[in-house]
Amino acid sequence: MLVEIVSDYEAMSERAAEIVTHQIRKKPDSVIGFATGSTPLGLYQRLAQNHQARGLDFSKITTFNLDEYVGLPPSHNQSYHYFMWTNLFDHINVDPSKVHIPQGMADDIDDFCQWYERRIEQAGGLDLQILGIGANGHIAFNEPGSSLGSRTRIKTLTEETTQNNARFFDDPDEVPRYAITMGVGTIMAAKTVLLLSSGESKANAIRATLEGPITAMVPATIVQLHQRAYVIIDEAAASKLEYRHHHGIIEPKQQNP
Ligand code: PGA
């Protein structure tokens, strides 16, 4: 694991943008796994700027998103389809036929999940998977207790997640109860993972992830077993690390995957 501790959210986003940009320049047809949530927004703004101001070419990349709510149409403003298009894909020259986001409206969800896994494989596997982390240590919708070998599947959302989401919906019946998510095993098969985290609310999860025992109760701890894991966190997220002084110094040659 390469752990880099930077000053704040902006610095985290800047560093993440360097890594993703380097990946795309190095391999224009990269297969990139994208995440939703507040964490990668600054990264996505910078990628859009790198396209618009510096001509970064996304036309050959293939994308796979981590997860999507079941039952929300892509046009719904809380869907992850909507999030990805409005926050990134509409602002870069990605080829829509190479964009993959789980289909929360699929008729046969199990079938869809198997297809999604096959598509990732047919694309040559994920070169780089971008990840946020939940305060409880989840990655994608792999909540505590998720199998560390899991693959793309349907998961029931925790009561906490459902309650947190309720404020975004006018009708309580509309609040999603299930999601399709890449599994922990799917994420681990990526050649490189880039875990981003910012803010004190993530400090316990980051400590458990970097310094705790590997456990399904904190699914993010599995990154300890990944051969190419980049962990970019800000000072606030790093504030509870016991071995803080060991982290944050990396060799120049290791700076990009
Ligand atoms: P956040 O969510 O980026 O909005 O903090 C991350 C997550 O819960 O995985």
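1. A polar contact here is a pair of N or O atoms within 3.5 Å; within protein, one must be able to donate a hydrogen and the other to accept it, and residues adjacent in sequence count only if both atoms are side-chain atoms. With that in hand, T39 has a side-chain N or O atom 2.5 Å from an oxygen atom of the ligand. H138 brings a polar side-chain atom to 2.6 Å from a ligand oxygen, and for S38 the distance is 2.9 Å.

2. A word on the basis: this is a predicted model, where local features need pLDDT of at least 70 and side-chain atom pairs count only at pLDDT 80 or more, while totals for chains, interfaces and linings use all residues. Residues are numbered from 1 along each chain as its sequence is written, and side-chain values use heavy atoms, leaving out hydrogens and water.

3. Who else is around the ligand (a heavy atom within 4 Å)? Besides S38, T39 and H138, the shell holds G37, I133, G134 and K202.

4. The ligand sits in the largest pocket, meaning that more than half of its atoms lie within 2 Å of the pocket's grid points. A pocket is an open set of points on a 1 Å grid over the protein atoms alone, where a 1.4 Å probe fits, with protein on both sides within 12 Å along at least five of seven lines; lining residues have an atom within 4 Å of a point.

5. That lining counts 38 residues, with T36, G37, S38, Y80 and H138 nearest the pocket's centre. Helix 3 (80–87) is among the elements that supply at least two lining residues, and its 5 residues are the largest share.

Definitions and conventions: Near = heavy atom within 4 Å. Helix = DSSP H or I, 4+ residues; strand = E, 2+ residues; numbered from the N terminus.
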